[in-house]
Amino acid sequence: MTSYEASGSTDASGAAFAQIALFLQGGRLTRTVAELEHALTTADAEQAGRAAAAAGMTSPLLEAALLVRRDLGRLGLDKVGLMPVVSQVLCRCAELGRPGKKEARVVPRTPEDFGRAFTALLAAAGMSPDRLLRKRPGVAGRSTLYSWKGGRNLPEDTAPLLAVVEVCLELAADADLGEAPVDIDGWAALVAEAKQTRDSRTAQHRTIPPGGGPSGPGAGAADGGSSGPGRFISRWDPVVLGVHRAIGGQVLPWYVRRAHDDVLYALLDPAPAASRLVVLRGGSSTGKTRAAYQAVHDRFPHWPVLYPRTAAALTKLLEQGVPARSVLWLNELRDYADDPAGSDALFALADLLTGRDRIVAITTVWPSFWKTYTTDPRGGQPGAADPTRAVRHLVVALPDLTGHSPADVDAAGGGGVLDVAAQFTDQDLHAAHRSGDRTLNAAIIAARRAGAAGRITQYLAGVFDLLEHVQGVGADPLGQALIFAAMDATGMGCSSPLPLTLLEQAAVGYLPSQHRAVTQQRWSGRLAEGWEYATRQLKGAVRALEPVPPGDHIGVAGYRLADYLDQDARTTRADQLPPIGFWTAAAAQAPPTDQTTLGNAAWCCGLYRHAAQLWKNATTHGDPHAAHRLVDTVSALHPTDYRPATHAAAHAAVDHPYAVAELFVKLRQVGAQQQPGALAERAAAHAALDQPDNITYLIRRLRDIGTQQQMAALLVYDPAAQVSLGDARRRLSAA
C-alpha cells in the first residue's frame, strides 16, 4: 500500500479499496481470486463479470476493482507485472478494518486446514468415521479416516478421499459446510495446497550443519566421489545432491507441487518390495533435482540415501553391496553413461535392480541425452561400436509415465521415466503466488518482464542473470573468452572437469587483437580479472564456471560449465566453429579420456590434422577406438603411410577384445603387414577374460586374418567357461 499511497490515490480509489476490503473479509473471493486477478490484469470485462457473478460480487464492487486496476496502470506498471501487484493490493485491502493487523498475505491452506475442513464435512453429513464406514464399507480405512479428521496425514492418492467427499456431499445436501469446500474440485485444490504446505515445512525445517556445503565438512566423503555413509535425506545438503541454489543464496524456497509430482509420489511408493529406477527427464534448471529431493524427503525420510558421484564410485558401491531399503541417488545420468568406466557400472546396476530389496535409484537426464542413450548407434551394422549399450540396457524398457495419472502407475513395475515441464502452468503460478513466498513472487514478476512467463525455476536458478552476464554489454572480454572456450569444449564432448591450462590457452583464440596486445606482466593481471569474472557468483545462485575440487582433497581440479550455458550453447553455438587455437589447446591440454571425442568433433569440422593429432594422443593412452579412427582416416589420405598403423598396434589397449578385433580388421584393410601380427601377439598375452562373447568374436577375427598361433593361445582360455549366469541373463535381456 505504501507505494500506491505515495502515488496520490484518489478518493474513488480509496472507496474501491474499502469495498474490496469488505468483500474479502467475507471470504467469498477465495475460490475466484485467480479469475479475478486475470480479469484485472487484462481488463477483460466479460471475464471479470463471470468471476464476480460466480463469487456473488456486486456490480459496483466489480467497477471498484477495475478502478483499482486502472489506477495501478497509471503508476506505469506494464500488464505482465500487474497480476502479483494487484493481488498484493487486494490482500492488504483485506486488512483495512481489522484492528491490530498491519500486513497479511494469502497463503496455501495447511494440513490443519484440511483436518478442520474434513471434520466440518463429516459434521454436515451427520457422519463420524465409524458411521461412514458402516454406511459405505471399504470406502477407506478406519485409521485413515481418523488421521484425515485430525489433520495428521494427507491422502497421497486422492481417489479414496474424493470417494468419501462425494458420499458426504450427497448426505450433506444443503447443510452449512463451514470451512469445507462445496465441490470435488475444491477438495482437490485443498489437498494440493495442504501437501504443498507440508512439503515446504519439511524442507524449511531441515538442518544443514555449519560448513555443510559442497566443500565443508558436512559434505562428507560423498562429495569427493564416494557414496559415503548412508544418510537420511534430511542430513544431506541439497546443493551437494545437485539442487540449484536460488537467487539470494536461498537453497530451498517454497516448493510448488506440479502435475508431475503426483505421478512421481505414486512411483516412489515405499510399500512394494520391487527395486526400481526412476528417471526425471527435462531441460536444465526445470526443477528435476528439486522434485526428486522433495519426493525422497517425503516418501523415504528414514531410508539411507547413498550418492556415488562417479561411475568408479558406483562400481565400488555395488561391489560392496547396497543395503535393502536404500535410495541410490545418481543425480545426472550422463555422469555415469558418458564416463569411460560407466559401462560396467550400469550393467551391474541393471542386475541389482532386478531384485526385490526395495532399492530405489533416481536420476535425471536432458531430453537430448535421453534420445542418444535410447537409440542404437550401430544402425544395424555388425561390428560397429556401441558406446550406449549399457545405458540403453538400463533404461530402454522403462515405461514413459508423462501425462499419466497416479492411478496408472505400477510402483512394483521396475520404475519409469517422467517429464518435468520447463514452464509453470497458470495453476502452478497461482499456487506459487498464494504461497506468499517473496522469492517466488519476485520470480513470477521477473520472468514475465523478461518475456519468459512461467519459467520460474529458471529465474530462481539465476539463468537470466547468467545469460546477461555472459552475453550482455559490458562483459569482461577475457572472462567471456574463458566461458566461450568452456562452452565449446563441453559441446564438443569434454565430460571431465576442464583444466585451467586448457581454458587459458584456448581463450586467447577468442580474444580480439586489441585485447591480446599486452605485456606478459599485464597479461597475468588480466587473467586474474578474467577468472574472477568467469567464476563470479551471481546473486548467490550460480557461476558460469564452477570450480571442481580434486576428489577428497583441497584445491581445484578443473571447472564445469553451468548446466544452462551448456544446454544453451548446444543451440546458439552449434553453427560456430571454434578458433584454431582451441584445437591446439585441446590437443595439448585436454584430459586423455576426452581426446577421442574431441578428435571426432574436429573431423566433423573438417579439421583433419587436428583430428589426427587428438586421435594419436588418445591412442597413446590406450584407446582402441581412437586407434581405429586414426588408422582409417590417415590411410585414406596417405595410403602408403603405415606409421599410424604401427602406433596403433603398439599402443592400443587390448583389454576390450571387441574393439581390438575391429582394429585387426582395419589394419588388414589398409594393407598393413607386420602390424596385425604385433597387435595379435599383445592381445593373446593380455586378453581380458571377463568378456567371453567379445573374446569369441576376437578369435573369429584372428582366424579370418590367418593368425593361427595367437588364435590358439586365446582358445586355451575356453571362453565358454568364463560365462556367468549374470552375463547370460544380461545378454539375453539386452538382445
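Mentor: Start with strand β1, residues 276-281. Strand β1 is joined to β5 by 5 bridges, and the two run parallel. Keep in mind that this is a predicted model.
Trainee: Which residue is the bridge partner of Leu280 in β5?
Mentor: Leu418.
Trainee: And what packs on the sheet there?
Mentor: Helix α13, residues 288-299, packs on the sheet. Helix α13 touches β1, β2, β3 and β4. The direction of α13 makes about 170 degrees with that of β3.
Trainee: Back up. What is the strand order in the whole sheet?
Mentor: The sheet is open, with 5 strands in the order β2-β3-β4-β1-β5. The pairing is parallel.
Trainee: Which strands stand at the edges?
Mentor: β2 (305-306) and β5 (415-419). Each has a single partner strand, so one side of each has no neighbour in the sheet.
Trainee: What holds paired strands together, in general?
Mentor: Backbone hydrogen bonds, in parallel or antiparallel pairs.
Trainee: New topic: helices. At what angle do α28 and α30 cross?
Mentor: Roughly 15 degrees, and the axes of α28 (residues 580-589) and α30 (residues 608-620) come within 9 Å. That makes α28 roughly parallel to α30, because angles under 35 degrees count that way. The crossing of α28 and α30 is left-handed.
Trainee: Which residues of α28 and α30 meet?
Mentor: From α28, Ile580, Trp583, Thr584, Ala586 and Ala587. They meet His610, Gln613, Leu614 and Asn617 in α30. The residues of this contact between α28 and α30 are 5 nonpolar, 4 polar and no charged.
Trainee: How do α29 and α30 pack?
Mentor: Helix α29, residues 592-604, packs with α30 at about 160 degrees, and their axes are 8 Å apart. So α29 is roughly antiparallel to α30, since the angle is over 145 degrees. The crossing of α29 and α30 is left-handed.
Trainee: Which residues are in that contact of α29 with α30?
Mentor: Among them are Pro592, Leu598 and Trp603 in α29, and Tyr608, Leu614 and Trp615 in α30. The contact of α29 with α30 divides into 9 nonpolar, 6 polar and no charged.
Trainee: Last one. Where is Ser496?
Mentor: Ser496 is in the loop between α23 (477-491) and α24 (500-507).
Trainee: What does the side chain of Ser496 make a polar contact with?
Mentor: The side chain of Asp594, at 3.2 Å. Leaving aside neighbours within four places in sequence, Ser496 is also in contact with Arg560, Pro591 and Thr593.

Note on methods:
Residues are numbered from 1 along each chain as its sequence is written. This is a predicted model: local features need pLDDT of at least 70, side-chain atom pairs count only at pLDDT 80 or more; totals for chains, interfaces and linings use all residues. Side-chain values use heavy atoms; hydrogens and water are left out. Two strands pair if DSSP finds at least two bridges between them. Helices (H or I, at least four residues) and strands (E, at least two) are DSSP runs, numbered from the N terminus. Contact means heavy atoms within 4.5 Å. Axes are lines fitted to C-alpha atoms, for helices over the stretch in contact, and angles run from 0 to 180 degrees between N-to-C directions. A polar contact is a pair of N or O atoms within 3.5 Å; within protein, one must be able to donate a hydrogen and the other to accept it, and residues adjacent in sequence count only if both atoms are side-chain atoms. Angles under 35 degrees count as roughly parallel, over 145 as roughly antiparallel, 65 to 115 as roughly perpendicular and the rest as oblique. A crossing is left-handed if the near helix is turned anticlockwise from the far one by less than a right angle, and right-handed if clockwise. Ala, Val, Leu, Ile, Met, Phe, Trp, Tyr, Cys and Pro count as nonpolar, Asp, Glu, Lys and Arg as charged, and the others, Gly among them, as polar.
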